[in-house]
Amino acid sequence: MHTLTRAEAVARADLLRVDGYDLELDLTAARTSAEFGSSTRVRFSLREPAAAAAGGTATFAEMKPVALHELRLNGRALDPAGLDGNRLALDGLGPSNELVATATMRYSNTGEGLHRFTDPEDGEVYLYAQTFLDDAQRMFACFDQPDLKAPVRLVVLAPPDWVVRANGAGTRTAPGRWEFTETAPLATYFVTVVAGPYHLVEDSHDGIALGLLARRSLGPYLQADAGEIFEVTKSCLDRYHELFADRYPFGKYDQAFVPEFNAGAMENPGCVTFRDEFVYRSAVTDAERELRAVVIAHEMAHMWFGDLVTMRWWDDLWLNESFAEYMGYRVTAEATRFTQAWTSFAVGRKSWGYAADQRPSTHPVAPSDVADTGLALLNFDGISYAKGASVLRQLVAWVGEEAFLTGLRAYFAAHAYANASLADLLAALSTASGRDLAGWARLWLRREQVNTLHPQVTADAGGTLARVSVIQTAPAQAPTLRPHRVGIGVYAPPAGREADPDAPVTLVRRVEVDLDPAAPDGRTDIPALTGVPAGRLLLVNDGDLTYAKIRFTDADRAALPTVLPRVADPLARAVIWAAAADATRDADWPATEYLTLAIAALPVETQLAVFEDALRFARATVLNRYLAPALRPAAAARLHAACRQMLVEATAGSGRQLSAARGAIGCGGPAEAAGLAGWLTGDDVPAGLVVDPELRWTVLHRLVVLGRAGEAEIAAEAGRDRSARAAEHAARSRAAIADPAAKARAWEAIVADDTASARLVAASAEGFWQPEQDELTAVYVARYFEQMPAMTGRRTPHAARQIAAAAYPQYAVSTATVDAAEALLGRDDIDPLLRRVVVDATDELRRSVRARS
Ligand SMILES: [Zn+2]
């Protein structure tokens, strides 16, 4: 198969314009067949008709059929055998042309192209198309690049009892025949169809028809949550209409929750697809509901930014994602009940960006060297999403809200239904703000890595601040200092309660300053804080406006375990938690220091997203990877006790109680196992805690890891719960059974079973490695490095990446593992995707080794 290069895409877009697609998909046999029928009629014109007269035109279209039955160009039959891999050579073009291709295509089980899924609960078959990046060619013949946009007319033949949805509004014109209205011009990567016996909920708002879809077995859960999902959808639509001053451009708005989806969601115009884990069949916390709201808002932002105005080439993929990410959090905070969305961003999402940006594989937010579609996929990471969004947030702080919105509106107006690039956006924002953004963009968007901001404070004898400075540093390999607009906060207890250990610590003075990147030693003085009482904490990046790692003064750092639990502002706490995690990752702090902070502050952390992220870091990173194995059991018991304390104190039936219960399960050691086992039989369950299917699987998995349950218990649970989620849980737990034969079976599934869906194989990989099972799995460390190249060679890109990442031996913390990884990376014949997975995971492993030494 050929990967499209940027040079080829530029040449093809210079040569031709696509006028429209007529597609017919025959899905009638989907219940029994792994293949479907696809007919394409695509009309396209040469941009320079004179070129046709000269006869010097040749190009190609793409498709990946199982069998190509008929191929006609301008009425002339072409030999289907002329298909070279995924490319159809086209020559002898006239000013206007028509290509007809009739083919049999194959459904996928990897979430790429037209995915086919059989629900284990009721045997029903569900389809959805994910054509992102360059998978439209798995469904129909096309010019598969983002800047050849064209209207799409679609007809779908399906079983008569199915629901079929697509980008345009659909009508059932005969039993099993669906015709969809012609769409506005779409990039090929947005063309979707969702088909099956889906449960459908409908509503409308402001003249826009709204639909929600989920598998029939999830129907009751979708029904129960439809009110909240519609409310978020409507609030966000209203807010975007206000902000962008431009109506939603694609008619109706469907949101389909689909099985085995690889990402969070996909912004297909008029028909967004989401992973169906967002339809909750068991209790969830408000942190999870907030995340769903953020994803809804994120996809909606794409309707304008990405869908209406589309990037010309994948080097601006970051711009799509950064923008949607920024707007997603912002609009969720502004327009829904989840007003603390930026707090969740600060503690969780942003850490993803910082981590990615400090690895050897880091790249600028805006890369200028995305040569082909394969490389584009590699950059789909924490830098494109979280760092990009943080940088946009910094941009808004820097140019101001009004200029930002004015520039955006001009950008949408100028490029609607067409394509644009970063330069077009910067030009619009420069005009609106009257500031030249070129220098700003160079430092923030074209240079990789992250700065660190260190406070430096001297106080006089009376306890007032004499001199406050912020020192900005950069890593030696990327020595760029930046013009940060940053908040500095002084936090203190109320006057008269300075000695009270329970007094809240609140913001008493805040200044916003521009750090000077050209200042000697990177030092910017903050004279506005001179003479201010020193308080208990000086917080750099108060309000989280900038993208930078922060540190504390030595005195503030030492006092954090007593101060953090009293800081009243959730966003300030999030910034502190994130900084603590980051200092621990850098081995600036010993792992035990983070644990001490976590044990002191977690039980009173009221912001659930913050609690969950801090606990996840304490457990998954500090406990399982950074802490010396000998210290682990005692530390786990202390963390478990902190969760238990919170569990006792939490309101019965609250999200906080659920969070604490999950935490207690995950940190439980052998001593706690008996108590956990009781939850499955109804013994000693905390009042108000519902041990529903998801929580049962969480408990069972933990018991399996600890050797207190095995195949019999897993089989029994899978017998009670026959859902698709249960199938994944069962695969994950079977891979975690503390037994050599079970490990051997699981490993075989990971490296050699190409028939199971990518999702199920990845679940096995997730369960396989457990810090408690080092001895049992030691022999598989070398096997990972031996066998992954063959696995990735056989698998599609998404599947390969997902499985290789989940199967990496992250708990085998030793220089021997690092050496084995280096040996693999030394080979020049490994897939770039696997290389990226191994480079990143090995960098994390090195941090683990450093933390333990
Ligand atoms: Zn997105």
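**Figure 1. Helix α7 and the lining of the second largest pocket.** Helix α7 (373-378) gives the most to the lining of the second largest pocket, namely five residues. Helices are DSSP runs of H or I with at least four residues, strands are runs of E with at least two, and both are numbered from the N terminus. The model is predicted: local features need pLDDT of at least 70 and side-chain atom pairs count only at pLDDT 80 or more, whereas totals for chains, interfaces and linings use all residues. Residues are numbered from 1 along each chain as its sequence is written, and side-chain values use heavy atoms, with hydrogens and water left out. Besides α7, the helices α25 (779-794), α26 (797-806) and α28 (832-852) each supply at least two residues of this lining.

**Figure 2. Size and composition of the second largest pocket.** The volume of the second largest pocket is about 1,100 Å³. A pocket is an open set of points on a 1 Å grid over the protein atoms alone, where a 1.4 Å probe fits and protein lies on both sides within 12 Å along at least five of seven lines; lining residues have an atom within 4 Å of a point. Points are joined across faces, edges and corners, and the volume is the space filled by probe spheres set on them. In this pocket, 39 residues form the lining, and those nearest its centre are Lys-64, Glu-112, Arg-138, Thr-796 and Pro-797. By class, the lining comprises 14 nonpolar, 14 polar and eleven charged residues (nonpolar: Ala, Val, Leu, Ile, Met, Phe, Trp, Tyr, Cys and Pro; charged: Asp, Glu, Lys and Arg; polar: the others, Gly among them).

Figure 3. His-298 (NE2), His-302 (NE2) and Glu-321 (OE) are the protein donors of the zinc ion, at 2.0 to 2.1 Å from it. Donors are N, O and S atoms within 2.8 Å of the metal (3.2 Å for Na, K and Ca); water is not among the atoms, so sites may look incomplete. Along the chain, the donors of the zinc ion show the spacing H-x3-H-x18-E.

**Figure 4. Strand β4 and its two partners.** Strand β4 (residues 67-73) runs antiparallel to strand β7 (residues 96-106), to which six bridges join it. Strands pair if DSSP finds at least two bridges between them. Leu-73 stands opposite Leu-99 in β7. Strand β5 (residues 76-77) is also antiparallel to β4, through two bridges, and Arg-72 stands opposite Ala-77 in β5. The hairpin of β4 and β5 has two residues between the strands, and Asn-74 in the turn has a positive phi of about 50 degrees.

**Figure 5. Cysteines without disulfides.** The whole structure contains zero disulfides (a disulfide is a pair of cysteine sulfur atoms within 2.5 Å). For Cys-236, the nearest cysteine sulfur, that of Cys-271, is 18 Å away. Cys-236 counts as buried because its relative accessibility is 0%. The sulfur of Cys-667 is 4.6 Å from that of Cys-643, the closest cysteine sulfur, which is too far for a bond. Cys-667 is buried, at 1% relative accessible area.

Key
Buried means under 20% relative accessible area, exposed over 50%, partly exposed in between (1.4 Å probe, protein chains only).
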